[in-house]
Amino acid sequence: MKKEKFNVTGMTCSACSASVEKAVGHMEGVSSVNVNLLSNNMTVEYDDSVLEANAIISTVNDAGYSASFASSNAPVQTSEANQVQNDIDEKKYRTIVSMIFMVLLMYVAMGHMVRLPMPSFLLGVENAATMALTQFLLALPVIYVNRQYYQTGFKTLWHRSPNMDSLIAIGSGAAVVYGVFAMFRIGWGLGHGDFDLVMRYSHDLYFESATMILALITLGKYLEARSKGRTSDAIAKLIDLAPKVATVIRGGQEVEIPVVDLIEGDIIVIKPGQSIPVDGVIVEGSSAVDESALTGESIPVAKGVGDKVISATINKSGAFHFKATRIGDDTTLAQIIRLVEEASSSKAPIAKMADKISGIFVPVVIAIAITAFVVWLLLGYPFEFALTIGIAVLVISCPCALGLATPVAIMVGTGQGALHGILIKSAESLETAHNIDTVVLDKTGTITEGKPQVTDVIAGSTLSKEKLLTIGASLEKPSEHPLAEAIVTKGIEENIRFEQVNDFLAVAGKGVRGTIKEQVYLAGNLSFMHDNGIRLGELERQADELAEQGKTPMYFASTTEVLGIIAVADVVKPSSRPAIQRLKHLGVDVVMLTGDNKRTAEAIRRELGIERVIAEVLPEDKEREIRNLHEQGKTVAMVGDGVNDAPALARADVGIAIGAGTDVAIESADIVLMKNDLNDVPTAIQLSKATIQNIKQNLFWAFFYNSMGIPLAAGLLYPFFGWKLNPMYAAAAMSLSSIFVVSNALRLRRFNPKK
């Protein structure tokens, strides 16, 4: 099997990408096809002994789109980023033009009805042709800049896969065609002195209806394009994590070279505070490395000769040399970038309810309009009568309400989310969230505070807690270790008086030694105490208990006896437990994933009542776990805050980022919790459920209004009661359905989450 990547252009909506997938998927030899509407590319896995790549390109071209071989497999191309921005700029331009001319047209068409000042050459029956021509000319720029709707809408009709663009094209197109027809009738009436005919058709100009449909839909497309552009930003920020240059030893000299010029086996020099450019193994020196961006472990890890280091992690203290073992696309960071890309590509676009309805509604409406037109002609009625019937059917089925049903509710729903501190970045994520049945939580920075804090100060029998904290904080102050920083911070909070430390010595991976008032003190782990012959007695059992609770105990001793223990841990946020209980109450399964050790993870699980926890996972393990849940038929939300969470956030049905997290996590996510409160996760799910219920109501009533008017528009009641729906009244019914939809959506403003 061979996997090939293609560029596909001409796609404008989810139905377009679905059409491409359908066309390619039916080809013999194709095992899988994924079309990414965002980046306009397609990944196809196929049997190259049965099928050629050029045949795939031909199939896409035959379906009405354009395909070509992708030029590169690099994660982000400058041209691709420019393409996304160009798409946003193009939709912004279309929106501005549409809105300006729509307002002008509405003023000209409706101004006299509300007694606004109007030019005299547009008033009166004698100026009806001028009025009609003016409206037509004002509508033309809107029609032209939005011609893509007609191209796509009629193309999807031709390929028997109508979508919202088809409804837009038919509805607005029908209004324009009938308006042009009315212009000719007005001209005929003026030429023949038939002023009754002129007056009748002066009210049958529906250019403002056409422009309103196009302008409002284009505004929604522009806002959607802006949110979609965030994905490319996320991958670009991932790439920026790694340094662009590295210091290597070549010919016995330290030389600074671009990272792209590194080769396997290079010896790279890393100093305090520097970011590690590629993966490798330490060959000289030792340090503590902050790996939180990639592993989620909040406490920097001690590294020595023989230990592995990972690209994009940060050296906190000490200096070392390491040998490059994985460079370029093989580094851990590059793999994360690739996972984000693949997850984004494989996330199928959500089939909009309106598109599903239009798949049946549009062909039926067209068939009814044509049938009505032909039947009335066969019954001997004039061509004008039959044409009016056909156009009325199309106008009353105009998609204004159907098109507004979803975006208006989404707009109000996202606004309510913002009021509650929940940033919802796309309509798709808000729509999907109501189906979530499993929430996967990262530990560090999501469930916990994300930084070490002192949790316990246990003094031995020879001194007080205050004295122990004074010795501990003073001794740790010269150290650069994050655990030491937590103890010093605790000392500052307790307003202790720091003592002068002399003869300070740090023992890598074990602890520190120093002299305070001519007394030597030790601070470190169990191994350090044993190395110095310190008996721990009862404190060793207490240290084990602290470790079982997910805390890191640090021993403090003189040269002759142990003085006590200070425990440090990444503490659970106060909001975590009630948030998890609310999720359970909603019937949602909760899973915790973490790069921390199993003992710490198990302690958090017991404390919060989480049923399932997976510890010591790498970034790709998190993403794989999301895939496993998908294979079980679960709809998954991933909540995280670090770069290590980005692939899982992208893979999940809904990615939720903590607002205090990294830019990459926030950009990769669909929803951002700006208050950093885990309680906002169940709130977002409740908001989604309320919004989807509102959308269903809107779709029903939009469809109901239109459907009820179609028999009247088709003239079914004309033989019995003489009732025939004038296109003007058809447009009024269409407007009434729009008003109802908007009013119903505004009810979402009363949304209040259940605690």
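Residues are numbered from 1 along each chain as its sequence is written, and side-chain values use heavy atoms, without hydrogens or water. Because the model is predicted, local features need pLDDT of at least 70 and side-chain atom pairs count only at pLDDT 80 or more, while totals for chains, interfaces and linings use all residues.

Two packed helices are described by the angle between their axes and the distance between the axes. Helix α17 (residues 465-476) and helix α18 (residues 482-493) have axes that come within 8 Å and cross at roughly 130 degrees. This makes α17 oblique to α18; angles under 35 degrees count as roughly parallel, over 145 as roughly antiparallel, 65 to 115 as roughly perpendicular and the rest as oblique. On the α17 side, L469, G472, A473 and E476 meet A484, I487, V488, K490 and G491 of α18, where contact means heavy atoms within 4.5 Å.

Turning to the rings, the structure holds 12 aromatic pairs. Rings of Phe, Tyr and Trp (its six-membered ring) pair if their centres lie within 6.5 Å, with planes under 30 degrees apart counted as stacked, over 60 as edge-to-face and the rest as tilted. W376 and Y718 form an edge-to-face pair, 5.9 Å centre to centre with 85 degrees between the planes. W376 lies in helix α12 (residues 353-378) and Y718 in helix α27 (residues 718-721), so the pair ties together parts 342 residues apart in sequence. Y381 and Y718 are also edge-to-face, because their ring centres are 6.1 Å apart and their planes are at 75 degrees. W376, Y381, F385 and Y718 form one aromatic cluster.

Terms used: Axes fitted to C-alpha atoms, helices over the stretch in contact; angles between N-to-C directions. Helix = DSSP H or I, 4+ residues; strand = E, 2+ residues; numbered from the N terminus.
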